[in-house]
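This report describes the secondary-structure elements of one protein chain and the way they are arranged. The sequence and the coordinates are shown below.

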Amino acid sequence: MKLLLVEDEKRMAQALCQILRLEQYDVDWCGDGTAGMSAVETGIYDLIVLDVMLPGCSGFEIARRARQAGIKTPILMLTAKGEVEDKVTGLDSGADDYLTKPFMIQELLARLRALSRRNLPSPDGSLSFGDIVLEPHTALLRCRTTGQSVRLGEKEYRILEYLIANQGQVLTREQFAVKIWGFDSDAEYNNVEVYMSFTRRKLAFVGAKTEIKAIRGIGYELRCGDV
Ligand code: CA
């Protein structure tokens, strides 16, 4: 699970990064608001932990702009004790939860677990969109109307999972490269295109009306067809 931490207090950020990595989060850290804003805008994160008082751009501003841009990633806001108004402002700006500093690390971890569960749309963990269902334990892609299914490769599964989690949005090649291959480079862009075509073939194989639309010059979007 990719987590972005935006926190300008270096010692606190380092301590948090260390703990979060032990908890198996794949953590990126930004030490100011401007870098934080750019990182949030990539849309590649599953969770965002946002300090309020930041040089460059406040946490409120980052959350507000992220929501305006259609980024739905759960945001946990951190703020200093006594800033009573902050909770309301934080939630108004688009944060999903809020924690007052100083906090117990166990509480932070519990809140993060709760927020990450929000990303799972059904109790058995399956993901669905249009006429397709993705089953995480078996990596099966199933079409609800034809009843056909096929096993997906790891990258194909992650491509569809990422598209379903961001339905209604166009995702760029760069976002896929960073999210699925870990970084962006020309080689990874080619991989994105190759695996996108494999994934399309699997959708066609099960007879799904759901398709991956290429939006010229921008990226890819999952579309329902006439289901
Ligand atoms: Ca701060």
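How many bridges join strand β8 to β9, and in which sense do the two run? The model, which is predicted, has three bridges between β8 (residues 140-143) and β9, and the two strands run antiparallel. Within this pair, R142 is placed opposite S149 of β9.

## The antiparallel sheet

Strands β8 and β9 belong to an open sheet of four strands, ordered β6-β7-β8-β9 and paired in the antiparallel sense. Its edges are formed by β6 (127-129) and β9 (149-151), each of which pairs on one side only. Neighbouring strands are turned against each other by 15° on average, with direction ignored.

At one end of the order, β6 and β7 are antiparallel and share three bridges, with F129 opposite I132 of β7. The two strands form a hairpin with two residues between them, and G130 in the turn has a positive phi of about 55°. Strand β7 is in turn joined to β8 by four bridges, again antiparallel.

Strand β11 (residues 211-215) and strand β12 (residues 219-223) run antiparallel and are joined by five bridges. A214 is opposite Y220 of β12.

| Hairpin | Residues between strands | Residue with positive phi | Phi |
|---|---|---|---|
| β6 and β7 | two | G130 | about 55° |

## Helices on the antiparallel sheet

Two helices can be described against the four-stranded sheet. Helix α6 (residues 154-165) lies across β6, β7 (132-135) and β8, and runs at about 120° to β7. Helix α8 (residues 186-205) lies across β7, β8 and β9, at about 150° to β9.

Helix α6 also packs with helix α7 (residues 173-181): their axes come within 11 Å and cross at roughly 125°. That angle makes α6 oblique to α7. The crossing is right-handed. On the α6 side the contact involves K155, R158, I159, Y162 and L163, which meet Q175, F176, K179, I180 and W181 of α7.

## The parallel sheet

A second open sheet contains five strands in the order β2-β1-β3-β4-β5, and its pairing is parallel. Its edge strands are β2 (26-30) and β5 (97-101); each has a single partner strand, so one side of each is left without a neighbour in the sheet. From one strand to the next, the twist averages 20°.

Strand β1 (residues 2-6) and β2 run parallel and are joined by five bridges, and V6 has C30 of β2 as its bridge partner. Helix α2 (residues 33-41) packs on this sheet, where it touches β1, β2 and β3 (47-51), and its direction makes about 160° with that of β1. Helix α3 (residues 59-68) also packs on the sheet, in contact with β1, β3 and β4 (75-80); its direction makes about 165° with that of β4.

## The α1 and α5 pair

Helix α1 (residues 10-22) packs with helix α5 (residues 105-117) at an angle of about 55°, and the axes are 12 Å apart. The pair is therefore oblique, and its crossing is right-handed. L16, I19 and L20 of α1 make the contact with I105, L108, L109 and L112 of α5.

## Cysteines

How many disulfides does a search of the whole structure find? The search finds zero. For C57, the closest cysteine sulfur is that of C30, 11 Å away, which is too far for a bond; C57 is buried, with a relative accessible area of 10%. For C224, the closest cysteine sulfur is in C143, also 11 Å away and too far for a bond. C224 is partly exposed, with a relative accessible area of 30%.

Terms used
Residues numbered from 1 in each chain as written. Predicted model: local features only at pLDDT ≥ 70, side-chain atom pairs only at ≥ 80, totals over all residues. Heavy atoms only, no water. Pairing = 2+ DSSP bridges. Axes fitted to C-alpha atoms, helices over the stretch in contact; angles between N-to-C directions. Contact = heavy atoms within 4.5 Å. Disulfide = S-S within 2.5 Å. Buried < 20%, exposed > 50% of the residue type's maximum accessible area, 1.4 Å probe, protein only. Parallel < 35°, antiparallel > 145°, perpendicular 65-115°, else oblique. Left-handed = near helix turned anticlockwise from the far one by under 90°.
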